[in-house]
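Subject: Structure handover

Hi there,

Here is the structure I promised to pass on to you. Please have a look at it first, and then read on for my notes.

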Amino acid sequence: MDEKNILEVNIIKTINVSQDVVRWNYWDHEHLDNVHSGYKRSDILYEKANYVLRIDQVKIPLIPFLTAQTPLFMVQHSREVSYTFAVQFGVVSKTTITVKEINSNECRVTMNYKFYLNGWRRILRPILKRLIPKWNEKIWLEDLPIKLRRQLVRNIGFKDFMGLPKEIKDRIKTEGNEVSLPLPRIKDSNRDKHPLKNIKN
Amino acid sequence: MKEKILLGSLEEIADNPLVKYYEEIKDELIIFREADSKDIKIFSSICPHNGGPVNFTNGKLVCTWHNYSYDSATGVCNNNKSKIRLCKKDYVIDGDSIYLING
C-alpha cells in the first residue's frame, strides 16, 4: 500500500442551514434517485444507528443508459464527521464529510475525497481530478434547494411524518428536533426491496 | 371566529396550479383544479413525510423529494402503507378571488 497512489480532492462550502439539516440530507437515502439525475436506484442492505451498507446504481457519465453498481459503507463517526467507503469500477474510495456549525443557521461543509489508484488505475488520476469537482458541484446544486427548504420548514415547527403544528401560533422553530439516525422510513419504502435484505438467514 | 384570507384569483390557477407561502398562516399551499371534475382543491403543499414540495402534475399530487403521491380529492397518501395525508383547506370564492377559511 503506497500513499503516493492516493488522489485527494478537497472541496469546502458554506451554506445557510443548520448542521442538523446537512447531516439529515446525507442520511436521507430515499431522495437519491428522485433528486439526483446521476442515480438510477439505491438499495439499503443493512443499517444501524450510525452506519449503513448501501448499493447504488449510478449512471455512467456520457453513457447514462449504462449504470455501475456501487457498494458503499457510510458511517457517522461523530456529530461532525462522517465517512463513506465505496468501490466503483474497482477503485476504492474514502469520502470524509466534516460539518462545522458556524451558527444555528449556517455551517461549513468540508468534503474530502480520497481514491486509491494502484496498478492500471493510475491512468484514472487526471480524469478523476477533473471529474470529482464537477460531480460534486452538480450534486451540491441538486441538494441545495432541499436543504434550504428543510431549514425553512423546520423554522416553522415542521416534524417528520407529523407536518406542521395545528395551531398557527405554534409554528415556530423548536429546539430538540434533531436528526436521529437511522432516519425513519415507511414500511414498504423502495429502499428496502433488495432481495438480500429481505431474505431470512 | 373564522377569518377569510385572500389566496389568489381564479385567473392565477386557470392553466397551472398556484403554489405560494402565506405568512399569515405560516404554511405553503397548492391551489389547483382537479383534472376531471375541474373542482378547485387546496392543500398544504408541505409533504408531511419530510417537508418536501408537493406539485400537481398529470392529475397527481406528488412530492418531488421522495415521490410520495397523494389523492387529489382527499389528500390521502396512496402509494404506500403510511397513514400520512396532506392537510386539506376550506375556501370560498368571492367574485374572481379565492379566500381561505381559517379557524
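Searching the whole structure, over all chains, turns up 19 salt bridges. Please keep in mind as you read that this is a predicted model.

Let me begin with the salt bridges in chain A. D20(A) pairs with R23(A), and their closest N and O atoms are 2.8 Å apart. Both residues belong to helix α1 (residues 19–27) of chain A, where they sit three residues apart, about one turn of the helix. D20(A) and R23(A) are both buried.

R150(A) makes a salt bridge with D160(A), with 2.7 Å between the closest N and O atoms. This pair links distant parts of the chain: R150(A) is in helix α3 of chain A, while D160(A) is in the loop between α3 and α4 (195–198), 10 residues apart. Are the two partners buried or exposed? R150(A) counts as buried because its relative accessibility is 3%, under the 20% limit for that class. D160(A), at 24%, counts as partly exposed.

R150(A) has another contact worth a look on your screen. Its charged end sits over the ring of W24(A), 4.1 Å from the ring centre. In chain B, the charged end of K4(B) likewise sits over a ring, that of Y99(B), at 4.6 Å from its centre.

Back in chain A, D170(A) and K169(A) form a salt bridge whose closest N and O atoms are 3.5 Å apart. D170(A) is partly exposed, with a relative accessible area of 33%, whereas K169(A) counts as exposed at 64%. There is also a network of salt bridges that links E47(A), R185(A), D192(A) and K197(A).

Now to the aromatic side chains.

Y113(A) lies in strand β7 (residues 106–116) and W135(A) in helix α3 (residues 125–155), both of chain A, so the pair ties together parts that are 22 residues apart in sequence. Y113(A) is buried, with a relative accessible area of 7%, while W135(A) is partly exposed at 36%.

Together with Y51(A) and F73(A), Y46(A) forms one aromatic cluster. Y46(A) also contributes to a nonpolar patch on the surface, alongside L53(A), F73(A) and F85(A). The accessible area of that patch is about 350 Å² for the four residues together.

A polar contact is next. The side chains of T70(A) and Q88(A) are joined by one of 3.1 Å. T70(A) is in strand β4 (residues 63–76) of chain A, and this threonine counts as buried at 5% relative accessibility.

Finally, a few notes on the backbone. Which residues does a cis peptide bond join? They are L181(A) and P182(A), with omega at about -5 degrees. P182(A) is in the loop between α3 and α4 of chain A.

F161(A) is found in the loop between α3 and α4 of chain A. Its phi is positive, about 65 degrees, although F161(A) is not a glycine. With a relative accessible area of 25%, F161(A) is partly exposed.

Chain B has a positive phi to look at as well: that of N58(B), a residue other than glycine, is near 50 degrees. N58(B) sits in the loop between β5 (54–57) and β6 (60–63) of chain B. N58(B) is exposed, with a relative accessible area of 80%.

Methods
Residues numbered from 1 in each chain as written. Chains lettered and ligands numbered in written order. Predicted model: local features only at pLDDT ≥ 70, side-chain atom pairs only at ≥ 80, totals over all residues. Heavy atoms only, no water. Patch = residues over 30% accessible without salt bridge, like charges linked within 9 Å, V, L, I, M, F, W, Y side chains within 5 Å. Areas by Shrake-Rupley, 256 points an atom, 1.4 Å probe, with all protein chains shown as cover. Salt bridge = Lys/Arg side-chain N within 4 Å of Asp/Glu carboxyl O. Helix = DSSP H or I, 4+ residues; strand = E, 2+ residues; numbered from the N terminus. Buried < 20%, exposed > 50% of the residue type's maximum accessible area, 1.4 Å probe, protein only. Phe/Tyr/Trp six-rings, centres within 6.5 Å; stacked < 30°, edge-to-face > 60°. Lys NZ or Arg CZ within 6 Å of the ring centre and 35° of its normal. Polar contact = N/O pair within 3.5 Å; in protein donor to acceptor, adjacent residues only side chain to side chain.
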